[in-house]
Amino acid sequence: MAKLVGGITTSHIPAVGNAIASGTTQEPYWKRFFDGYEPAKAWLQEANPDVVIVVYNDHGLNFFLDKVPTFALGCADHYENADEGWGLQPVAPFTGDAELSWFLAESLIEQEFDICTCQEMKVDHGFVNPLRALYGTCDPWPVKTIPLTVNTVLHPVPSAARCLKLGRALGKAIADYPEDLRVVIFGTGGMSHQLQGERAGLINVDFDLECIDNIARDPEWMTQFSNAEIMRRAGTEGIETIMWLVMRGALADEAKLIHKHYHAPISNTGAGVLVLENTAA
Amino acid sequence: MVWKSHDYDDIPGTYVFDGGRSHKPYALNKMFYSFNEAQNREEFDRDPAAYCDKYGVKGEFKAAVIAQDYLGMLRLGANIYFMAKMAVPRGVSVQDAGAQFQGITTEEFVARLLAKREEVERRIAQEKDYWNG
């Protein structure tokens, strides 16, 4: 049976990809941010997953506004990164696991999560940057990957509570998969930031730390907030933090805290990392 | 017929991108989306007005594009991620745009952000279970 070994949450800021590509990760602006990934990288190496499911939002690479699925699961054997229009060089293609994807899709729909299935899917920086931050820039990539997108761009977007429930359904689906696979989930995005409007530049350190602490030990805490309340505190783009709950919901309630890291600013954003090890059988 | 109001409408300095906001500027955002392809970016650079016409971007939308008025486009319903596909290749970073939205220089905008770093390092140093280097 497949085993969900644990989960990592991380921001997926575009500038992270540029810093890795330009070899500036040890410069003063970046050093503290990237050094804080080292314990997460060490845990991931030890966890040694066969498959990583990356939960992220597409930012206008695969999905335009003509069709915006609330949740979409990649169901292909490979996924390509591509030009997003603003200069990030595409990385090597990723290998998927179509059998696992379709098993997850069936299970999620049986559990009343009527997700969109995608047999072609371009993956953008939201998917790529967490993998680069945690594995380095690889060709080929050392692990199979499955993209799972959440709409956080065009409102209405799903609630924090819904994302947590999706995670629980995803955890059940993984546990039911008959192949002996080791799986890790990345929940990406956030934390507080607002790119648009006269309020651009907002970073809310207090709320970010509350989110990290509570998502680790009591994720239901986050479901008290409406999306409007989250945006009021964390900025419009800070709503991405709800995707951390997909990872968290998949793990056992008593998942073990391995690592917490927070740094700000990275570009306009409060950047957090959380590593949890699953304790379920 | 009215657009439904929302509990996020009164967040100051904020334009939540929802169905109502995305409806009228659909052609504008569709034009931005075309900039994922280098040949389209080049075609736009050669003649922005003609490229707007090709995508049905008209009137105040077209005027804001030609003027590179990013706050104007945002107020008209441009999505920030799609608008970045126009702005960044033209040398306007998301931080430059943020500064324009606030009516300050990019240097001031970045300095305000960087001022957070000291607070963060001091806070995290007091937190026992966070990574502290």
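Q: What makes β4(A) and β7(A) a strand pair?
A: Two bridges join β4(A) to β7(A), and DSSP pairing takes at least two bridges between strands, so these two qualify. They run parallel, and A:Glu80 sits opposite A:Lys122 in β7(A). Bear in mind that this is a predicted model, where local features need pLDDT of at least 70, side-chain atom pairs count only at pLDDT 80 or more, and totals for chains, interfaces and linings use all residues. Residues are numbered from 1 along each chain as its sequence is written, with chains lettered from A and ligands numbered from 1 in the order in which they are written.

Q: How do you know that β4 (78–81) of chain A also pairs with β5(A)?
A: Again there are two bridges, this time between antiparallel strands. A:His78 faces A:Thr95 in β5(A), while A:Tyr79 has A:Phe94 as its bridge partner there. All of these elements are DSSP runs numbered from the N terminus: helices are H or I with at least four residues, strands are E with at least two.

Q: Why are β5 and β7 of chain A said to stand at the edges?
A: The open sheet has three strands in the order β5-β4-β7, with mixed pairing. β5 (94–95) and β7 (122–123) each have a single partner strand, so one side of each lacks a neighbour in the sheet. As for faces, β4(A) has A:Tyr79 and A:Asn81 on the covered one, and A:His78 and A:Glu80 on the uncovered one.

Q: How many residues lie between β10(A) and β11(A) in their hairpin?
A: Two, and A:Ser267 in the turn has a positive phi of about 50°.

Q: What makes up the side of chain A that touches chain B?
A: Contact means C-beta atoms, placed from the backbone, within 7 Å. By that rule, 42 residues of chain A are in contact with 48 of chain B. α2 (28–35), α8 (227–234) and β10 (256–266) of chain A each supply at least two residues of that side, and β10(A) gives the most, eight.

Q: Which residues have the most contacts inside the largest nonpolar core?
A: A nonpolar core is a set of buried Ala, Val, Leu, Ile, Met, Phe, Trp, Tyr and Cys residues joined through C-beta atoms within 7 Å. The largest has 129 residues, and A:Val55, A:Val246 and B:Met83 have the most contacts inside it. Its largest share, eight residues, comes from helix α6 (160–176) of chain A. Beyond four places in sequence, A:Val246 has contacts including A:Val55, A:Cys163 and A:Leu170.

Q: Which elements do the buried residues of α2(B) pack against?
A: They pack against α1 (19–23), α3 (38–46), α4 (48–54), α5 (59–66), α6 (70–75) and α7 (80–87) of chain B. Among the buried residues of α2 (26–34) in chain B are B:Leu28, B:Met31 and B:Phe32.

Terms used:
Contact = placed C-beta atoms within 7 Å. Buried ≥ 20, exposed ≤ 12 C-beta atoms within 10 Å, placed from the backbone.
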